[in-house]
Amino acid sequence: MTIHLDSPATYGRELLQTLSPGATQCLRHAVDQPARTSRFAEWPSWVHASVRDAVVSRGAEKLWIHQEQAATLAATGHNVVIATSTASGKSLGYQLPVLSRLATDPMATALYISPAKALAADQLRATVRLCGSRRELASIGPCAYDGDANPDIRQWARNHSRWIFTNPDMLHLSVLGAHERWGRLLRHLQFVVIDECHSYRGLFGANVAVIMRRLSRLARRYGSSPTFILASATTADPAAAAHRLIGASAHAVTDDGSPQGARTIAFWEPPVIGENSMVPVRRPAGLESARLMAKLVTEGARTITFARSRRGAETTAMAAAAAVDDPAMARRIAAYRAGYLAEDRRALETAFSDGDLMGLASTNALELGIDIAGIDATVIAGFPGTVASFWQQAGRSGRRTQGSLVVMVARDDPMDTYLVNNPEAVLDRPVEASVFDPTNPYVLGPQLLCAAKEHPLESYELESLGAVAVAEELAADGLLRRRGTRWFAVGDDDPHADLDIRTGIAGRVTIIEAESGKVIGTCDTQRAMGTLHPGAVHIHQGDSYLVDTLDLDAGIAIVVAVELDWTTYSQSETDLRVSRYLSSEDFGEVSLHLVETEVTSRVTSYLRKLHTGEILDSIPLDMPPHRLHTQSVLYTVTPELLQSAGISPSDVPGSLHAAEHAAIGMLPLVATCDRWDIGGVSTECHADTGLPSIFVYDGYPGGAGFAARGHAVMREWLSATLAVIDACACPTGCPSCVQSPKCGNGNNPLDKAGAGRLLKAVLAELGYLPKL
């Protein structure tokens with residue numbers, strides 16, 4: 001345990017000390033980060049006087065150096081990415097050039113694009129306040145255009161607003177897909193702001209990258225050439241990431257001049273429960289986080305707790321409220337997540353911002369740059385998957401100069417176990433560059449149909465996208481027609497509606513409460529098979545519902561309100577076949593490969609579990625199979641290597657299975673993914689390799705780049721995986737090392753010791769360890 005608390009007393013340290021008495025064994029590491037002072041720049045002469053007056057009237061009398069540099073680059077026509085810390089005022093870096101241009105040119109327009117509705121709503125409120133404070137800015141009329149806006153507001157925005165606040169989904173469906181109705185906006189488009197651009201990763205990032213190229217080509221058709229302004233968390237190479245996202249070069253601004261209050265960061269490992277059992281299990285991170293939030297709220301600290309799932313947010317809020325002795329304070333704790341209706345989300349945001357709520361348990365829906373002042377503490381229930389997300393969540397508290405406490409509570413998970421014992425992997429590591437592949441053919445195919453529907457594609461455009469082969473396949477299928485150097489969409493179908501840019505599949509399931517007929521939420525079709533199957537427990541705003549029926553064709557799940565002391569977890573089986581080898585390397589007894597694969601999975605049953613973790617029973621299900629064409633990283637070993645490593649034939653399946661689980665848990669260390677973004681298969685003799693094989697695959701059509709990243713840094717990845725297994729004190733394997741919460745085989749068989757011997761032998765063949 002490493003505790004560095006020798007700096008002067010801070011508010012964050014005081015809060016931590018209220019948590020640690022009696023639980024010092026849980027506090028694995030703590031460090032105080034000192035406050036940072038401001039560095040200012042002069043106001044640029046090009047800023048419109050009304051804009052400057054409006055900004056000063058809101059309390060920003062001076063500019064920080066990064067705000068001035070980014071704003072001036074954008075105002076002079078340079079694409080720019082602002083990559084500075086959370087709460088560093090990045091929004092002013094784009095508000096100054098955009099509002100100044102719109103104040104000067106009465107026809108000029110702008111777009112603001114955010115990955116999250118809550119962030120867009122927050123930024124819109126701030127912009128409306130600026131424009132409303134000065135008569136010269138009144139004609140700008142900033143307005144939201146998203147799924148929450150009613151038809152009248154959408155029509156007003158289309159006809160009158162000069163600064164539209166939207167998201168990539170609406171840009172894809174309703175702006176580019178109906179661009180004839182948006183001629184005014186596109187003809188005079190001066191700026192495109194892309195907020196929190198580091199969050200565009202995987203399949204979503206690949207789709208957004210092509211959407212930005214579609215936006216640029218339509219803008220050129222209408223006669224405009226907008227400047228792109230991107231805002232990002234601190235990252236290692238923001239200019240390269242921005243170039244990959246927008247398809248054009250961008251200047252990076254990284255010198256952060258903003259102040260920051262002192263911050264105490266603690267890494268917390270929940271205590272072991274059931275120590276006398278064969279497999280030691282720690283208290284769930286959600287329950288431990290709820291306990292900590294209850295204590296912090298009781299101490300008067302306004303606290304936000306980030307959970308890894310919608311269910312986690314709900315159960316954490318319920319447990320925290322139950323742990324507070326004062327009923328009035330318990331009512332000031334709530335949950336927040338995607339899937340709530342718009343009016344419910346807005347009410348929660350307002351109540352938390354105003355201080356009516358003291359504790360909020362949220363999914364990452366509130367992770368991005370929402371400016372809610374006065375939050376004293378952030379509790380992170382499990383590592384959020386990336387260093388970028390960790391710092392985004394940490395930055396929700398202590399905004400500006402107030403001190404704050406951040407506590408990361410480890411899950412029983414290989415990645416979390418590694419981090420609480422090696423906190424430098426977060427604290428001393430730069431934020432990752434987002435991993436996404438805009439050349440993924442499963443992304444390009446639907447996107448090309450949308451682009452051709454908007455305006456015929458030119459051959460040079462296809463060449464620049466690396467999409468000629470994809471276009472030829474679409475033409476062979478009768479979806480595109482080539483005439484000379486131009487490619488036209490065929491038929492009257494609407495390709496925009498058929499593409500869900502976040503999941504790659506169309507379709508959502510609407511969740512309806514049986515007795516009232518009220519819509520209580522939504523879920524994408526693929527996730528619904530594992531979470532909304534008949535008999536599943538669904539939690540919404542603290543209330544439990546039992547799923548009565550799921551109709552995937554109609555997109556409806558009917559639920560019934562119930563009170564239960566148990567919940568459900570789906571089980572599945574997976575089959576994987578190799579379609580094509582993309583890259584192969586031989587290292588004696590070990591071979592590494594990047595391969596295209598077809599993965600067939602099916603939910604086969606579900607477990608009913610008490611909240612204590614005890615399994616009540618397993619109930620079979622008959623759900624349709626789901627087929628996925630994706631990419632996998634694969635390594636094979638020879639039977640001779642297994643024998644020399646001391647792994648007997650009867651121990652091979654468990655050793656491979658345990659190594660696969662641990663590797664899946666550790667891939668987020670080297671790739672910007674979550675373990676739920678990926679899957680794995682291990683077998684002692686795979687039909688396509690003829691050898692003992694371990695696959696880790698991307699959970700998205702065509703691959704999201706995660707497997708490719710793992711293949712590129714295989715040695716680093718497997719070394720960290722081995723470190724987790726070696727460091728775990730359990731005798732035979734536990735959730736902190738080789739057990740998986742999503743294993744379709746119920747974590748059987750698993751051989752922790754065999755997995756360690758296997759990984760040591762593999763790393764020796766790869767030259768990372770001495771040979772046995």
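The model is a predicted one. In soluble globular proteins, nonpolar side chains tend to be buried together.

Leu758 shows what such a position looks like in detail. Leaving aside residues up to four places away in sequence, Leu758 touches Tyr635, Val637, Leu642, Ile647, Ser655, Leu656, Ala659 and Ile694.

Helix α20 gives a local view of burial. Within α20, residues 468-476, the buried residues are Val470, Ala471 and Leu474. Viewed down the axis of α20, these residues fall within an arc of 100 degrees, so they line one face of the helix. An α-helix has 3.6 residues a turn, so residues three or four places apart point the same way. On the other side of α20, Glu473 and Ala476 are exposed. The cover over the buried residues of α20 includes two helices, α18 (441-454) and α19 (459-465), and two strands, β21 (480-483) and β22 (486-489). Just after α20 comes Gly478, with a positive phi of about 80 degrees.

The aromatic residues can be followed next. Across the whole structure, a search finds 7 aromatic pairs. One of them joins Trp163 and Phe165, a tilted pair with 5.0 Å from centre to centre and 35 degrees between the planes. Trp163 counts as buried because its relative accessibility is 0%, and Phe165 counts as buried at 1%. Another pair is formed by Phe390 and Trp391: their ring centres are 5.1 Å apart and their planes stand at 80 degrees, so this pair is edge-to-face. Phe390 has 0% relative accessibility and therefore counts as buried. Trp391 has a relative accessible area of 19%, and because the cut-off for buried is under 20%, Trp391 is buried as well.

Trp163 and Phe165 also belong to one aromatic cluster, together with Tyr94 and Tyr112.

Two arginines lie over aromatic rings. The charged end of Arg311 sits over the ring of Tyr569, at 5.6 Å from its centre. Arg608 lies over the face of Trp566, where the distance to the ring centre is 4.6 Å.

How values were computed: Residues numbered from 1 in each chain as written. Predicted model: local features only at pLDDT ≥ 70, side-chain atom pairs only at ≥ 80, totals over all residues. Heavy atoms only, no water. Contact = heavy atoms within 4.5 Å. Buried < 20%, exposed > 50% of the residue type's maximum accessible area, 1.4 Å probe, protein only. Helix = DSSP H or I, 4+ residues; strand = E, 2+ residues; numbered from the N terminus. Arc of directions from axis to C-beta. Phe/Tyr/Trp six-rings, centres within 6.5 Å; stacked < 30°, edge-to-face > 60°. Lys NZ or Arg CZ within 6 Å of the ring centre and 35° of its normal.
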